[in-house]
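Please examine the structure shown below.

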Amino acid sequence: MSIFNLNTQNENLDNKIIAGIERISQVFKTLLWEKAKQFHLSPIQIQVLIFIANHSQEKSTVSYLAQEFHITKPTVSDTVKTLEQKGFINKVPDTKDTRSYTIQLTAKGEQAVLDTDNFVNPLTHIIEKSTAIDKLALWHSITTIIVELNKLDIINVQRMCLACNHYSKKDNTPFCGLLHQNLEIQDIRIDCPEFESK
């Protein structure tokens with residue numbers, strides 16, 4: 001029976017958790033949509049701008065963005081075309097392959113990111129009020145869910161410690177070979193700039 005059936009949901013903690021996660025995901029969509037409307041952009045267009053602003057140039061390609069957002073290359077190409085027409089981005093041709101390009105924010109694009117990437121603030125303020133113990137438990141659950149979703153190929157791109165070449169276990173303790181240190185729960189990253197796939 002569906003987890004959205006209230007009898008099934010209210011009698012089972014697993015179902016309540018899934019229903020709660022679904023409700024939080026709706027909040028993200030609503031908050032992002034409200035910000036996107038201010039710039040006459042779609043949520044995916046804002047997400048692309050924020051991603052480009054916070055990641056290296058080699059990740060700012062149509063192919064990589066398609067994997068990152070789990071959407072088709074034609075959809076990303078349409079998004080990029082619209083963003084370029086509206087002056088938020090420039091295409092930078094690849095010197096080795098003229099058919100390829102990376103995407104770079106314009107000054108207008110950078111300003112749009114500054115004005116929109118705070119869409120998560122209501123959630124941030126709620127998390128900030130939690131105890132350290134609750135935050136660690138929540139972070140552990142989130143990272144575990146992400147790992148399992150990646151194993152199911154539902155999350156395509158994985159730049160987290162547990163999937164990194166630098167990650168190992170020393171005496172059953174998580175360890176980062178790049179940082180040369182043991183990793184506590186709070187040290188685990190889900191988007192590491194030094195990530196290297198195993």
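Q: Which residues does Gln9 touch, not counting residues up to four places away in sequence?

A: This is a predicted model. In it, Gln9 touches Ile3, Phe4, Asn15, Lys16 and Ala19, once residues up to four places away in sequence are set aside. Gln9 itself belongs to helix 1, which spans residues 6-10.

Q: What makes Asn54 count as buried or exposed?

A: Asn54 has a relative accessible area of 52%. The term exposed requires a value over 50%, and Asn54 is therefore exposed. Its place is in helix 3. Between the C-alpha atoms of Asn54 and Lys151 there are 25 Å in space, while the two residues are 97 residues apart in sequence.

Q: How do you know whether Arg159 counts as buried or exposed?

A: The relative accessibility of Arg159 is 6%. Because buried means under 20%, Arg159 counts as buried. Arg159 is found in the loop between helix 8 (132-151) and strand 3 (167-170). Among the residues that Arg159 touches are Phe51, Lys59, Glu68, Asp191 and Phe195.

Q: What makes the pairing of the side chains of Arg159 and Tyr64 a polar contact?

A: A polar contact needs a pair of N or O atoms within 3.5 Å, one able to donate a hydrogen and the other to accept it. For the side chains of Arg159 and Tyr64 the distance is 2.7 Å. The side chains of Arg159 and His55 are also joined by a polar contact, of 3.5 Å.

Q: What makes a set of residues a nonpolar core, and which residues have the most contacts inside the largest one?

A: The largest has 25 residues, and Leu49, Leu65, Leu83, Phe88 and Ile89 have the most contacts inside it. At least two residues of this core come from each of helix 2, helix 3, helix 4 (62-69), helix 5 (73-85), strand 2 (101-105) and helix 6 (107-116). Helix 3 gives the most, with six residues. Another core, of 11 residues, lies apart from this one and includes Tyr167, Cys176, Cys192 and Phe195. In soluble globular proteins, nonpolar side chains tend to be buried together.

Q: Which residues does Leu83 touch, not counting residues up to four places away in sequence?

A: Leu83 touches Leu41, Gln45, Val48, Leu49, Phe88 and Ile89.

Q: How many helices and strands does the chain have, and how much of the chain is buried?

A: The secondary structure comes to eight helices and five strands. Of the 198 residues in the chain, 28% are buried.

Technical notes. Residues are numbered from 1 along each chain as its sequence is written. This is a predicted model: local features need pLDDT of at least 70, side-chain atom pairs count only at pLDDT 80 or more; totals for chains, interfaces and linings use all residues. Side-chain values use heavy atoms; hydrogens and water are left out. Helices (H or I, at least four residues) and strands (E, at least two) are DSSP runs, numbered from the N terminus. Buried means under 20% relative accessible area, exposed over 50%, partly exposed in between (1.4 Å probe, protein chains only). Contact means heavy atoms within 4.5 Å. A nonpolar core is a set of buried Ala, Val, Leu, Ile, Met, Phe, Trp, Tyr and Cys residues joined through side-chain atoms within 4.5 Å.
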